[in-house]
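This report covers a multi-chain model. The chains and their contacts are the topic.

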Amino acid sequence: MTTRTAIPLVLLALLGTAFFTLFAGYVPDAELNRTAAYYANQTVAETGAQNVVTAIIVTYRGLDTLGEVTVLFLTAAIVGLVLAHSKAPKGRSGSGFLPSGELLTTGTRMLVPVILLFGAYVFVNGHLTPGGGFQGGAIVASGLLLMLLADPAERFSHGLISRIESSAGLTYVILGLLGMILAGGFLDNRILPLGTFGSILSAGAIPLIYILIGLKVGAEFSSILTSLEETEDAE
Amino acid sequence: MSSFPNFAWGQVPLALLTLFIVINYGMIMTALVRKIGARVGGRYGIPIWQNYIDLLKNIALRSKISHGVMYYLAPVFRLTGGVGLLLFVPTIYGSDWHQNFSYAGDLILALYFVFFGTLGMALGAGESGHPHSAIGVSRGLSQVTMAELPLALGVYAISLQYQTLDITQIVAAQQGSIFNWTLFTNPLATIAAMFAFVGTMMRSPFDVVIAPQEIPIGPPTEYHSSYLALMQTNRVLFPVAKTVIYMNLFFGGATNWAEFAIKVFVLYMLTAVIGVVHPRFRVEQSIRFFLKWGLPVGVLAILTV
Amino acid sequence: MVSPLLILAAGLGAAFLLGLLRQTSERAAFYVTIAALGFMGFIALSWTVGLALGDALPVMITTAGTAPPFAINLFMGGMEAALISVVTLTGLLSAFYMRKDLLRLGRRVMAVLLVLIMALSGLIMTRDLFNLFVFIELIVIASAGLILLSRDTRALGAGFKYLVVSQVISILLLVGVIFTYHANGSLNIDDIPARPMVFTGASLAIFLVLIALVLELKPFPANGWALDIYESAHPGFSAIFSAASGTAAAFAAFKLFDVAGPAWLPLATGIGIVTFVGANLLALAQSHDRRLLGYSSVGQIGLVLMVIGQADILGATLPYVAGGILISHAVAKSGLFWLSGLVKGRELSDWAALRDNPVLIVAFATFIAMLTGLPPFPAFYAKWALVHALMANGAFALTAAFLIAALIEAAVLFRWFGMAIKRESRRAVVVNLTYEAVVLLAMGTSFVLSWIWGAASGQENLITLVPLLFALLFLPLDIFPAKAKNLLAIAGLVVWFALSFHGLDPIRLVFLIIMVLGGALLLLASFHAEGRRMGFYTPAMLMFAGMALLITSETSFQFFAAWEFLTVGSYFLILRGHDSEPHALSYIVFSLGGAFALLAGFALASGGKFTFFVSELSEIAPQVAPYVFVLLAIGFLTKTAVMGLHIWLPGAHAEAETDVSPMVSGILLKAGLFGLFILLLEMGHQTLYGIDLTVVLVWLGALSAFVGAVLAAFQEDAKRLLAYSSISQMGYAVFGLALMNHLGWLLALMFAINHFVYKSMLFLAVGGVKERTHTKLMYKMGGLITLMPYTFVSVLVGIIAMSGVPPLSGFGGRWIFYNAIMSTDLRLPMILVFMSGPVGFLYLFRLIHSIFLGQPKDELRMVKEAPFWIVAPQMLFVAFLIAFAALPGMILRRVDGYIGQIFGDQPLTWSGRIVDSQFGTWNPVAIWGVIAVVFITILLLLIWMNHNAQRVKQFNIVFSAERPFKPQTTHFAWNFFAPYRKAMGFLEAPIATGFWTGVSNALHGTAEFTRKFYTGNGQTYAVQLLLFVVAVYLIVLGSMGGAS
Amino acid sequence: MILIQIAMLLGFALILLGLYGALTNRDIIRMIVSFTIADTGVNVVLVSVGYLTGREAPILDTIPVADAAARITDPVPQALVLTAIVIGLGVTALMLAYAYRLFRARGSLDISDYTELKW
């Protein structure tokens, strides 16, 4: 074994002992701790969301989520920036690929609308069922990925993607600010009526925000994917 | 109170009298010592009035040149140093006539005024542009740095002993018996000071400053005519003036001119005798000599007071 | 007040808005960015001002309409507002600065910038642990994006290394966060209870969180990645990365350490001080400007971490101290990074290009002064408070480490500044008005901050001191001709003297006269300068301001601030000299080292009180008093260049300009003497390990007096000779002071006056000669007496006075000396002093002989007398010397009376013009009278006999019956005291120089060796990071094991 | 050993494994993949900390609101892990983009080839 592998091994072994101490000292809670208990008891009353996790993500820890969206936004911007200079000339991109098969092309045509629809479903129902903006957005982007696989030469409008991304983000921030004006604070979802518990149009602004997140995440993933794809094989 | 206490115009002729006596005494004594030295060496030697002859001859010289202002002034500095030294020190203890201008300062004044003439001389010699002058000065200054050290220590020791810097008081303290002399009350300080005395009298083994075989006569190389006459005057005056200080500090001073003449002569002869029997030191050798012998004795002197 | 949340919303909203703009409208996007950053900055500033003035109260901002800890909350208090102001304004200025590159890369990068600033603000405000993590990740990603702004392709590698390291950090952080959540049932930072420092359960989780946040601060040595970024990134981004990111990360760490409880503070202290020391040490070996700035950033943030670790002892002053350092760092470092964009080359010496634009040099100097904690900048107050708190709590080792590292940092920065001033630039400075405007704004900010910190200090607000403002006034006035400025400067000094001399005791008055009026007198010589003489008057007046304030200072703070002023001013002055670069550096390093000793001494003396009257030095507890004495004495002795601490002096004084040498030698050295006066006046005899410290001082003074004189005798360079002579003279003065008796003090004061006069005179004279001959090497001159008679006269009088030969004033000094040593029990040190007296003749004679006497050289046959304005002050000095020699009572009598009050005795009696002591008499008028009469009589006699002497030509000498025609071989000058050297040359052995060179080499060697640790391999950096974590873990574990 | 412990150990193991991979593989792509493994490990640890044995997902469609506190697991780590995942994704994407640029700049994916900045 060389030193190059031995040193990390020793270090990680020591780090492992620290982790093991954590592990050994870990006593699983029997009851929810006070934060979790608060959410369990108050979520419905305060946010009207069925999915407690969603309420936490979108409302209680909305600032984190805004940051999270921003992470993706940043990544998309930077990836675009990094790769902007190494864009392949138009037409040459994808030339290194074999033409995709008939099966894939046809399958794509059939599946993409369904995927997009499913994505939309996931983020619209985020406050009710498992799922939400991120998951939905990722699904939407997977549809885009499929199209790219089917036709590597295909180009999507960066302008459009970016506009969707930006307006969704801007609206998100504005909704947050509205929370400060109309309700209890930044990103308070009670700017809209909480509605009937369990229905689509409930939980105040949560569905709206999740839709925005879904759009934004979808757009950002798409943007990253297209940026990465456009550089493919560019010489 | 005036800055000139006890000053009266009458002091001026008295001071001049002191000066006159000392110069003439110096003229004869130095010639005598040279003659003794020559006789010891089996030669006939110079006539006893040789110094007067030299003086007159030099003053009478017709070719007189100047290398510049400092060159011109150096003999003046030199002689001022000698005369001043004499006048700042009481010559005869207990005599109102020969206190000179000793009220101007104390022992420290005398010790530092010794350098006045040396400095002026060195400057004038420097301006002459003769390298031998400069070499002589370099040697002289180098040597004096160490040669003066035992004296400084000795003086420090006796001024601590007598708790005064006033020469008259130091002499007064030595009166009464020969055993009151510093020589006996503080032999270490005396020995230390005598190292300095021998070392600064420009006699072998410490005469490398004017070493005739190497740098004809050292600093005064370029001097002639009246310049040299002034210097010669100083050369007989200055050793006596300096010896007076040693005499006052260590050997009970002099209460009359006869005592003065004897003590000065004996002290002066001491250096002459040492000079006759010792070869010349190079500068670094003499510095090491003083470091090795003069300094320890001086240190002992100040530690044992 | 608008809600601080708008800072985040504005940043994000604008970032998103950029995407909606049309692709082509990059310019509009830029304006949106600027507007958003400006808005964010405005909110932060308005909160800062509001909170500071009490118009607003700190506010807790909840989100989602739910109270914490159930929803994320933010907090806006004074610290937060101030730091967000720093972050947003740095971002705003950097945005302007990076305008071209932002436009080149488009709105996406502007969005990234906006998000970065937003996230940094969020990091400062948030009170939620996981939210903290989110903001950190945003910062990481945005930073990785902005690194790409650089045109340097190596930045790519740096960015990737950064990402690798960030991944490791985020893993540690997340694990820590989730286990902290599990332990507390909350993610809110305020819910984290204080934990003991153990490595189980919740405490281990907190450890992981803390260490992850500390890692964000780039602790030494786990920081190679950060240095690579600093080196390669766009300077505009580096400014943000250093100033804004560093600030925010430091505050985040502070938040966590604050709640984790005092048990964890040693962790911050330890890592902080190691980082501060390590980074500054390694910076020694740097030659790349931005990497050097990187090291410095790392060091400064480490220092802040160290300060955070002192939270328990600093208490409520923590924000003031940490903030002072942090904000100074932010402004100065961003300023320097911005400046670096104006320099084309990347070597330190390439900064010489800045000389094309003096304003930039001023900015450079300001930033460096700010970083090194010089007055009047905030870090100065912070340093003061920090060291006081540390010393009061007995953290001596920590203080020492801090001060030594601060000294190394100063050495690094001033070496760089020296290069900028003295080296030749190969490439011109970049002309870019935006860059310059941004840099100047930062500089302006630094002065505003100085005012704020001064106002909050509870001490004097240094920036409002009239002398300082007067010095700074010369910055804008620099466009006027030197002669006009000189007139103003002299007028200023005289007026300041007239304003401040009332009510001073005679000792202070004498020093004030020397320093202020003496300064005005010496400035007369500056009239000879032609043109504008840019950059002379500000430092000169700064130095004089420091000295004037030093004399009138009452508290230790005023004293120390004045001390630093005069140190810095004189450094800039010395640096102006021709070959002064290395010497100015060693000057500032030694001076600052001495100043730090003073700081430590005052801090120890005050016992933590920030306002400590110098007069209270006499009342401090006996168990600390000797140590205070030692520290203060070291500080003052450095200034008086006592043997061992003297090696800076010869070069600094010798290489300075003609009129600067007398200022720094004749006047500046007295500052150290003044300090010793005050020290001995207040503290008197102190005993340490049974040794009377004043006896040590006596020995040091005597040794300096002797060795300084011997070394002076061996110099070939006239100004170096005078410089060594100063060491010797100051040795006498120190010796006299340390005798601790009436006459000793009078002796020291007499030396202070005399040394000022004859050393100023001699330096001016030699300077005048140098102006004409263009050399300082004496053996190249000779025979100038006829060509420069006035200069000769002043040298003649100067050396007679200095050698102590009657009748000039030096004799008075010797006389007092003998009387002083008669009344002390010390005897052995006198040997050295006795030895040094005659040695004085050696160098003095050499000086006058080699230059003015002997044979003139062919090429110097046509030189003229020195310029009028250089000769004029010399003639005034000559007149003064003669007057002072005849009438010493003019000055000494009053002082003597005052010293008599101190010692309660009156050994001298002044009757008329005669001075009597217990032991002897000094009658200066009589001495003059006798000597003058005898001299004139003999002169007249000689003239009578020899009036017709013929002036002969140069080579008309009797020289072995030949006449030499070559002055080079005939002028006996080189190695003049060869025989003396043979005997005493062993004293020349450069022991002190060797020692300090050894220290310097050891430090450089360590730095050079240690920095190889940064291999440049991202993977190695990650390994080092883990190694650091594990090492800290094990060390703490081990120390706990040892404790239990 | 119950489920939580297994999951948590697995998570820690993944972290260490991922880190080991990242620290020993010189290939940049392999490093990135290693980090995703480590990230996954962290996420596993995250959710396992919030798991309460025998409880259900915190979605109140079948669980009565009144019983929620007694029947659901801790929702907070679940919310956190979502954020962590997204952030991990962002960083991974960024690292990949960097890898691409590095490769284009130097033609190498060996991390030890990018050491021109050092000391």
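**Basis.** This is a predicted model: local features need pLDDT of at least 70, side-chain atom pairs count only at pLDDT 80 or more, and totals for chains, interfaces and linings use all residues. Residues are numbered from 1 along each chain as its sequence is written, while chains are lettered from A and ligands numbered from 1 in the order in which they are written.

**Chain C.** Chain C holds 40 helices and 8 strands. Both are DSSP runs numbered from the N terminus: helices are H or I with at least four residues, strands are E with at least two. The radius of gyration of chain C, taken over C-alpha atoms, is 32 Å; the globule rule gives 31 Å for 1044 residues, so chain C is as compact as a globular protein of that length. That rule is 2.2 Å times the number of residues to the power 0.38. The C-alpha trace of chain C spans about 110 × 60 × 50 Å along its principal axes. Of the 1044 residues in chain C, 66% are buried. Buried means 20 or more other C-beta atoms within 10 Å of the residue's own, with C-beta atoms placed from the backbone. Among contacts in chain C between residues at least 6 apart in sequence, 82% join residues at least 24 apart. A contact needs C-beta atoms, placed from the backbone, within 7 Å.

**A helix pair in chain C.** Helices α14 (residues 318-340) and α16 (residues 378-392) of chain C pack at about 145 degrees, and their axes are 8 Å apart. Axes are lines fitted to C-alpha atoms over the stretch in contact, and angles run from 0 to 180 degrees between N-to-C directions. Residues in this contact include C:Tyr320 and C:Gly324 of α14(C), and C:Pro378 and C:Ala385 of α16(C). By class, the contact has 10 nonpolar, 2 polar and no charged residues. Ala, Val, Leu, Ile, Met, Phe, Trp, Tyr, Cys and Pro count as nonpolar; Asp, Glu, Lys and Arg count as charged; the others, Gly among them, are polar.

**Chain B on chain C.** Of the 4 pairs of chains that touch, B and C have the most contacts. Here 73 residues of chain B meet 67 residues of chain C. On the chain B side, α5(B) gives the most, with 17 residues. That side divides into 42 nonpolar, 21 polar and 10 charged residues.

**Chain D on chain C.** This contact takes 34 residues from chain D and 36 from chain C. α1 (3-24), α2 (28-50) and α4 (75-106) of chain D each give two or more residues. The largest share, 14 residues, comes from α4(D). By class, the chain D side has 26 nonpolar, 4 polar and 4 charged residues.

Chains A and B share no contact, and their closest C-alpha atoms lie 65 Å apart. Chains B and D do not touch either; the nearest C-alpha atoms are 54 Å apart.

**Annotated spans.** An unreviewed UniProt entry lists "domain: NADH:quinone oxidoreductase/Mrp antiporter transmembrane" for residues 127-408 and 557-834 of chain C. For chain D, an unreviewed UniProt entry gives "transmembrane region" at residues 6-24, 31-52 and 79-100. Such annotations may be inferred rather than shown by experiment; feature names are shortened and positions follow the numbering used here.

| Span | Helix | Strand | End C-alpha atoms apart |
|---|---|---|---|
| Residues 127-408 of chain C | 74% helix | 0% strand | 37 Å |
| Residues 557-834 of chain C | 72% helix | 1% strand | 39 Å |
| Residues 6-24 of chain D | 100% helix | 0% strand | 26 Å |
| Residues 79-100 of chain D | 100% helix | 0% strand | 32 Å |

Technical notes: Two residues are in contact if their C-beta atoms, placed from the backbone, lie within 7 Å. A residue is buried if 20 or more other C-beta atoms lie within 10 Å of its own, exposed if 12 or fewer, and partly exposed in between; C-beta atoms are placed from the backbone.
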